[in-house]
Amino acid sequence: MSVVFAPGVETMYPDGEPIVTVDPGLLGDELEGAVRPGHFRGVLTVVAKLFALVRPGVGVFGEKD
């Protein structure tokens, strides 16, 4: 059996923009962050929200991630 959890924008951000974000610190300006300001802050915030909702025991990311 396969299951996909794909919440919509209204589930992830019921009041619009997130109130709490995750700051990547200096690493946020490296790699993709050098040309896309705020990119890593957004990624970290979404992953933190997903982990808080799903409460996984393990998080596995690909090489690109």
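A salt bridge is a side-chain nitrogen of Lys or Arg within 4 Å of a carboxyl oxygen of Asp or Glu. The legends below use that term, and they describe a predicted model.

**View 1. Asp23 and Arg41 meet in a salt bridge.**
The N to O distance here is 3.7 Å. That value lies within the 4 Å limit, so the contact counts. Where do the partners sit? Asp23 lies in the loop between helix H1 (9-12) and H2, while Arg41 lies in helix H2. The pair therefore ties together parts that are 18 residues apart in sequence. Asp23 counts as exposed, at 54% relative accessibility. Arg41 counts as partly exposed, at 34%.

**View 2. Arg36 and Glu32 form a salt bridge.**
The structure holds 2 salt bridges. In this one, the closest N and O atoms are 3.1 Å apart. Arg36 is partly exposed, with a relative accessible area of 42%. Glu32 is also partly exposed, at 33% relative accessibility.

**View 3. The rings of Phe51 and Phe61 make a tilted pair.**
A pair of aromatic rings is described by the distance of the centres and the angle of the planes. The count for this structure comes to 1 aromatic pair. Why is the pair of Phe51 and Phe61 called tilted? The ring centres are 6.3 Å apart and the planes stand at 45°, so the pair is tilted. Planes under 30 degrees apart would count as stacked, and planes over 60 as edge-to-face. Phe51 lies in helix H2 (residues 39-54), and Phe61 lies in the segment after H2. The pair therefore ties together parts that are 10 residues apart in sequence. Phe51 is partly exposed, with a relative accessible area of 36%. Phe61 is partly exposed too, at 49%.

**View 4. Helix H2 has 16 residues.**
How far does H2 reach from its first C-alpha to its last? The span is 23 Å, close to the 22 Å expected at 1.5 Å a residue. Gly42 has its place in this helix. Gly42 is partly exposed, with a relative accessible area of 32%. Gly42 and Gly16 are 26 residues apart in sequence. In space, their C-alpha atoms are 14 Å apart. Just after H2 comes Arg55, which takes a positive phi of about 55°.

**View 5. Phe5, Leu53 and Val54 form a nonpolar patch on the surface.**
Together, these three residues have about 300 Å² of accessible area. Val54 has its place in helix H2. At 46% relative accessibility, Val54 counts as partly exposed.

**View 6. The protein chain has 2 helices and 0 strands.**
This last view sets the close-ups in context. The C-alpha atoms fill a box of roughly 40 × 30 × 15 Å along the principal axes. What is the radius of gyration of the protein chain? The value is 13 Å, but a compact globule of 65 residues would have one near 11 Å. How much of the chain is buried? Buried residues make up 6% of the 65 residues.

Methods. Residues are numbered from 1 along each chain as its sequence is written. This is a predicted model: local features need pLDDT of at least 70, side-chain atom pairs count only at pLDDT 80 or more; totals for chains, interfaces and linings use all residues. Side-chain values use heavy atoms; hydrogens and water are left out. Rings of Phe, Tyr and Trp (its six-membered ring) pair if their centres lie within 6.5 Å; planes under 30 degrees apart count as stacked, over 60 as edge-to-face and the rest as tilted. Helices (H or I, at least four residues) and strands (E, at least two) are DSSP runs, numbered from the N terminus. Buried means under 20% relative accessible area, exposed over 50%, partly exposed in between (1.4 Å probe, protein chains only). Patches are made of residues with over 30% relative accessible area and no salt bridge: like charges are joined within 9 Å, nonpolar side chains (Val, Leu, Ile, Met, Phe, Trp, Tyr) within 5 Å. Accessible areas come from the Shrake-Rupley method with a 1.4 Å probe; for residues, only the protein chains shown count as cover. The expected span of a helix is 1.5 Å times one less than its number of residues. The radius of gyration is taken over C-alpha atoms; the globule rule is 2.2 Å times the number of residues to the power 0.38.
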